Amino acid sequence: MRAERVDHPIDHDQAVDTLRRSYAAVPTGEPVRLAKRTSNLFRPRSAPRTPGLDVSGLNGVLSVDETGRTADVQGMCTYEDLVDATLPHGLMPLVVPQLRTITLGGAVTGLGIESTSFRNGLPHESVREMDILTGSGAIVSARPDGEHADLFRAFPNSLGSLGYATRLRIELQPVGRCVALRNIRFTQLEALTDAIAEVTATRSWAGEPVDALDGVMFSPGEAYLVLGTFTDTADPPSDYTGQEIYYRSLRQRTRDVLTVYDYLWRWDTDWFWCSAAFGAQHPVVRRLWPARYRRSDVYHRLVRLEHRHQVAARIDRLRGQPARERVVQDVEIPLDRMADFLRWFSASVGMTPVWLCPLRLREPGGPGSARSWPLYPLHAGQDYVNIGFWGSVPIAPGAADGDVNRTIERRVSELGGHKSLYSDAYYDRDAFDRLYGGETWRAVKDRYDPDHRLTGLYEKAVARA
C-alpha cells in the first residue's frame, strides 16, 4: 500500500460557508432541518415551514491517510461513498453501519452499529475530532480533551439537538479482500449466550480468529451466529445481490465467503428481510425488479409514500383487517439478560426474525476508548447485544396505537438496556432524561445553543418535532 496522504478536490471551506449562510437565513423560532435527499429515520416529524440547511457540499471524503489509518470525512458523506474511498487502500472504518445511505455524521449523532462492534464499539468511538456547527452559528472543533470536550462527549445520540458535524476525523482498520463466514446454529438461547461471551472475550471460535460477529434468531429454538474473518482467500465468493437472499443462506450453509464490499452491504440488498413486504423476495418479482433498485433507500422511500398516502392501510380496512402498529426498534440488552428478553419478545410480540449484534464499548488504549458517553450511557466492560426488529403488529381490540412499543420500552428498562431513538419513542420526559443523560444534555445545550434554536432532544425523539 502507498504511504502517502491522498487528498480529493473538495472545496470544504466553501461548503461550510454555504451551510452557515443557510443557517443564518432560518428565521428565529422556526425549526432547523437538514435539506438532504435520504433519511433512515422512522420517526414521523412535523412538516417544515422553511427551507432546510444546505448541506449539498458536505457529502465527500476529504482525505485518506494510509500511514496513520485515518480519514477526514464530511458530515453528510454516506458510508457507501466512504467505503468506496477507503477500500482501494485496503482500509475500512472501524464500524460500518449496515445500510448504504447512513451518513457518518448521522451514525455519530444518532448512533450506529454493525458486526465489528463486539470489538470496536460504536462509530463515535473511532472519532478523533470533529468540526460542529452549533446552535449559536459557530463552528467549533471538538476533541476528546480540551476546551470542547464536553460537546465531544455529549454529541453521540444528541440527534442534531446540539449541532451538526461538518468534518470528522476517524480511525480506519486494515481489511482483506474477502470475509470468510461460519454460520453456527444454536437450539438453546443459553448456549448462544455462552458462545457470544466466548467470542467477545477471545475474538476466536474453535481455534479460528473472529473479526466480525452478528446473528439472527428465527425462534428461541433456532438462532445463528455468523462469525466473519477477514481474508485474502481465492475461494469464489457468493453473490446475494441477485436471486439469492442473504439471510436465508444462514439456514442453508455452514460456511460461506463474500467479498468485503458485498459483506459490508449484505443486509442492504433486502433491508435485512424487510424487502419481503414489497414482494421483492418473490422469485418472479425479483427477476423483474432491477438489482440497482434493490437497496434500503428505495424501500425506505416506498415506506414514506405509504405513510403519506396510507394505501395499504386503506386496503386493510376495506378487507376488515385490524389496524397495525409499527414496531421498528433496535435495543441494547445486557448479554446476561438477552435470553430473557428474546423469550419474552417471542411470546409477547412474536415478530421474527430478529437481528443480533453483540456490542462492547472499546477497550482502554484507543483514542476514543474508556470514555463516558452520557447521552447513551452503556457500561464500559459490559457485553451487550443489539436486538433489531422491524415490522408491524395488529392493534388488539381496546388497545391504543403505541401500546406494544411502550411495553417494549418498559421491558428494556427493566433489563438494564437502552433503545435507539431513530424510531418511535413514548417515554415521559422524566424517564427520558433519566435514561438519556438529560442533565448533561441541558448543560451542553445551554453552552453551545444558548437561545435554543435547535430542536431539543426530547422534542425530536418523542414529540416528533
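Analyst: A salt bridge is a side-chain nitrogen of Lys or Arg within 4 Å of a carboxyl oxygen of Asp or Glu. The structure is a predicted model, in which local features need pLDDT of at least 70 and side-chain atom pairs count only at pLDDT 80 or more, while totals for chains, interfaces and linings use all residues. Residues are numbered from 1 along each chain as its sequence is written, and side-chain values use heavy atoms, with hydrogens and water left out.

User: Why is the pairing of Asp268 and Arg100 called a salt bridge?

Analyst: The N to O distance between their side chains is 3.3 Å, and the limit is 4 Å, so the pair qualifies. Asp268 lies in the loop between helix H8 (260-264) and helix H9 (283-288), and Arg100 in the loop between strand E6 (91-93) and helix H3 (104-110), 168 residues apart. Helices (H or I, at least four residues) and strands (E, at least two) are DSSP runs, numbered from the N terminus.

User: How do you know whether Asp268 is buried or exposed?

Analyst: Buried means under 20% relative accessible area, exposed over 50%, and partly exposed in between (1.4 Å probe, protein chains only). Asp268 has 0% relative accessibility, so this residue counts as buried. Arg100, at 12%, is buried as well.

User: What makes Arg251 and Glu222 a salt bridge?

Analyst: Their closest N and O atoms are 2.8 Å apart, a value that lies within the 4 Å limit. The two belong to distant parts of the chain, Arg251 to helix H7 (residues 246-252) and Glu222 to strand E14 (residues 222-231), 29 residues apart. Arg251, with a relative accessible area of 47%, is partly exposed, whereas Glu222, with 13%, is buried.

User: How are Asp297 and Arg301 placed in helix H10?

Analyst: The two are four residues apart in helix H10 (residues 296-309), which means that about one helical turn separates them. Asp297 is buried at 11%, and Arg301 is partly exposed at 37%.

User: What makes the link between Glu114 and Ser115 a polar contact?

Analyst: A polar contact is a pair of N or O atoms within 3.5 Å; within protein, one must be able to donate a hydrogen and the other to accept it, and residues adjacent in sequence count only if both atoms are side-chain atoms. Here the contact runs from side chain to side chain at 3.0 Å, so the pair qualifies. Glu114 is found in the loop between H3 and helix H4 (117-120) and is buried at 3%. Beyond four places in sequence, Glu114 is in contact (heavy atoms within 4.5 Å) with residues including Val95, Trp267 and Trp355.

User: Which residues touch the most other members of the largest nonpolar core?

Analyst: They are Trp273 and Phe432, in a core of 90 residues. A nonpolar core is a set of buried Ala, Val, Leu, Ile, Met, Phe, Trp, Tyr and Cys residues joined through side-chain atoms within 4.5 Å. Among the residues that Trp273 touches are Tyr247, Trp355 and Trp390.

User: How do you know how far to trust residues 1-7?

Analyst: pLDDT is the predictor's confidence in each residue, from 0 to 100, and it stays under 50 over residues 1-7. Where pLDDT is low, the predicted coordinates should not be read in detail. The protein averages a pLDDT of 92, and 93% of the residues score at least 70.
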